[in-house]
Amino acid sequence: MSLSERLEKDYLTAFKAKKTDEVAVLRMLKAAVKNKQVDLRRELTDSEILDVVAKQVKQRQESIDQFRAAGRIDLAEIEEREHLILRAYLPTALSPQELEEAVAMTIQTLGASGMKDMGKVMNAILGEHAGRVDGKELSALVRAKLSS
């Protein structure tokens, strides 16, 4: 089953079960996917849908951080519930150890020697582990490995 079909099936199931939080989140996600589809003027692949989901998860995380900083715990909790619903559609993230191994192996494979090769290393890892890597964390790790 494709990710698009899974989203539609889960949406209908949540709607029938009257799970209002889940219905709202999935409706927003479907709209974001549809917007991307209209922009590209074609059907999206599963990896492109994963990118949309990852972007939505990142937005929720940023909102959670901002609400907590402002002392709005009630709003942060709402965003956390939405965040959990969306995370279910992403593959499991790489552990710190797996990420370090992937970075070391990619640097060795590409023969990367300095900061000028950072983009190549980043793109290779993000392409191979789509949706499983946080860009900030990866960037910091690649930078540290290439500068040492």
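At what angle do helices H2 and H4 pack, and how far apart are their axes? In this predicted model, H2 and H4 pack at an angle of about 65°, and their axes lie 10 Å apart. The crossing of these two helices is right-handed. On the H2 side the contact is formed by Asp21, Glu22, Val25, Met28 and Leu29, and on the H4 side by Arg81, Glu82, Ile85 and Leu86. Sorted by class, the contact of H2 with H4 comprises 5 nonpolar and 4 charged residues, with no polar ones.

The overall architecture provides the setting for this pair. The protein chain contains 7 helices and 0 strands, and its pattern along the sequence reads α-α-α-α-α-α-α. Along the principal axes, the C-alpha atoms of the protein chain fill a box of roughly 55 × 40 × 25 Å.

H4 also packs against H3. Helix H3 spans residues 46-69 and helix H4 spans residues 73-87; the two pack at an angle of about 160°, with their axes 8 Å apart. Because an angle over 145 degrees counts as roughly antiparallel, H3 is roughly antiparallel to H4. The crossing in which H3 passes H4 is left-handed. H3 brings Val53, Gln56, Val57, Arg60, Gln61, Ser63, Ile64, Phe67 and Arg68 to this contact, where they meet Ile73, Leu75, Ala76, Glu79, Glu80, Glu82, His83, Leu86 and Arg87 of H4. By class, the contact of H3 with H4 has 8 nonpolar, 4 polar and 6 charged residues.

The axes of H1 and H3 come within 9 Å and cross at roughly 50°, an arrangement that makes H1 oblique to H3. Leu3, Ser4 and Leu7 of H1 make this contact with Asp46, Ile49 and Leu50 of H3. The residues of the contact of H1 with H3 are 4 nonpolar, 1 polar and 1 charged.

About 200 Å³ of space lies in the second largest pocket, which is lined by Ser4, Leu7, Glu8, Lys30, Val33, Lys34, Gln37, Glu43, Leu44 and Ile49. Ser4, Leu7 and Ile49, which belong to this lining, also take part in the contact between H1 and H3. Helix H1 (3-16) and H2 each supply at least two residues of the lining, and H2 gives the most to the lining, with 4 residues. By class, the lining of the second largest pocket divides into 4 nonpolar, 2 polar and 4 charged residues.

The largest pocket holds about 820 Å³ of space. Its lining consists of 30 residues, and those nearest its centre are Ala54, Lys58, Val133, Asp134 and Gly135. Which helices each supply at least two residues of this lining? They are helix H2 (20-40), H3, H4 and helix H7 (135-147). H3 gives the most to the lining of the largest pocket, with 11 residues. The lining of the largest pocket has 12 nonpolar, 7 polar and 11 charged residues. H3 and H4, described above as roughly antiparallel, therefore both contribute to the lining of the largest pocket.

Conventions:
Residues numbered from 1 in each chain as written. Predicted model: local features only at pLDDT ≥ 70, side-chain atom pairs only at ≥ 80, totals over all residues. Heavy atoms only, no water. Axes fitted to C-alpha atoms, helices over the stretch in contact; angles between N-to-C directions. Parallel < 35°, antiparallel > 145°, perpendicular 65-115°, else oblique. Left-handed = near helix turned anticlockwise from the far one by under 90°. Contact = heavy atoms within 4.5 Å. Nonpolar A, V, L, I, M, F, W, Y, C, P; charged D, E, K, R; others polar. 1 Å grid on protein atoms, 1.4 Å probe; cavity = no way out; pocket = protein on both sides within 12 Å on 5 of 7 lines; lining within 4 Å. Points joined across faces, edges and corners; volume = space filled by probe spheres on them.
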